[in-house]
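Q: Could we go through this model together, with the general idea given before each case?

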Amino acid sequence: VPEGDESIAENKTAEAAIKAHTEIQYMLLKLGSDMGLDIWVAKNDRSKELQGHKFSELPRIKMALPTKFDEVTTKTIELIDVLWLKANAIVSAFEIESTTSIYSGLLRMADLIAMQPNLNIPLYLVAPDERRSKVINEINRPTFSRLDTPMSQMCRYIPFSSLRNSLVKIGSVTKYLKTDFLDEISESCEIEET
């Protein structure tokens with residue numbers, strides 16, 4: 001295989017991963033908005049768009065986070081891919097991991113929990129189906145499993161296919177959904193003892 005063909009294939013794979021990340025991020029933002037929740041997109045992703053739909057123009061998007069957090073916590077939260085908010089409370093946090101290593105999103109969530117230990121919000125790692133074992137392994141690393149509450153008990157995995165299939169099924173009833181429907185489409189990240 002000529003060298004040029006290998007780097008072209010790598011570039012196409014990277015482009016596909018970036019496109020999938022943007023698609024899933026948009027889906028989560030739109031879903032939260034359609035459910036009547038306020039939404040937050042990572043500060044560095046504000047300018048993104050999907051098929052001509054700009055993230056920054058979605059209904060219910062917040063341009064500032066609630067001011068109840070200290071500056072260090074706010075800087076961490078600002079980079080989480082998607083947040084769903086109700087009033088000034090975060091009701092769900094999502095990290096999408098198709099373009100980066102799994103642990104980068106987990107570190108942001110672990111930092112959030114370490115800085116705000118009384119914060120009790122559902123955390124979700126959303127990743128391609130083929131990365132499932134990688135997600136489970138990373139969440140159960142000693143760094144995350146030795147927290148006061150292990151990350152595997154706080155964070156659930158949502159495969160891309162589950163999110164996509166669920167959005168097709170729910171269609172026009174989205175506005176009636178409650179956030180706990182995510183329990184049905186997500187998986188536990190705890191490793192069963194054998």
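Q: Where in the chain is the place of Arg-60?
A: A word on the source comes first: this is a predicted model, in which local features need pLDDT of at least 70 and side-chain atom pairs count only at pLDDT 80 or more, while totals for chains, interfaces and linings use all residues. Residues are numbered from 1 along each chain as its sequence is written, and side-chain values use heavy atoms, with hydrogens and water left out. Helices (H or I, at least four residues) and strands (E, at least two) are DSSP runs numbered from the N terminus, and in these terms Arg-60 lies in the loop between β3 (53-54) and α2 (71-77).

Q: Is Ala-87 buried or exposed, and where is its place?
A: Ala-87 counts as exposed because its relative accessibility is 61%, and it sits in the loop between β4 (82-86) and β5 (89-96). These two strands form a hairpin with two residues between them, and Ala-87, in the turn, has a positive phi of about 60 degrees.

Q: In which sense do β4 and β5 pair?
A: Strands of a sheet pair through backbone hydrogen bonds, either parallel or antiparallel. Two strands are taken as paired if DSSP finds at least two bridges between them; β4 and β5 have five, in the antiparallel sense, and Trp-84 stands opposite Ser-92 in β5. By contrast, β5 and strand β6 (residues 123-127) run parallel and are joined by four bridges, with Phe-94 opposite Tyr-124 in β6. As for covering, seven of the eight residues of β5 are buried.

Q: What is the order of the strands in the open sheet, and what packs on it?
A: The five strands follow the order β1-β4-β5-β6-β7, with mixed pairing, and the edge strands, each pairing on one side only, are β1 (38-41) and β7 (155-159). Helix α7 (residues 160-170) packs on this sheet and touches β5, β6 and β7, where contact means heavy atoms within 4.5 Å. The direction of α7 makes about 70 degrees with that of β7; axes are lines fitted to C-alpha atoms, for helices over the stretch in contact, and angles run from 0 to 180 degrees between N-to-C directions.

Note on methods
Buried < 20%, exposed > 50% of the residue type's maximum accessible area, 1.4 Å probe, protein only.
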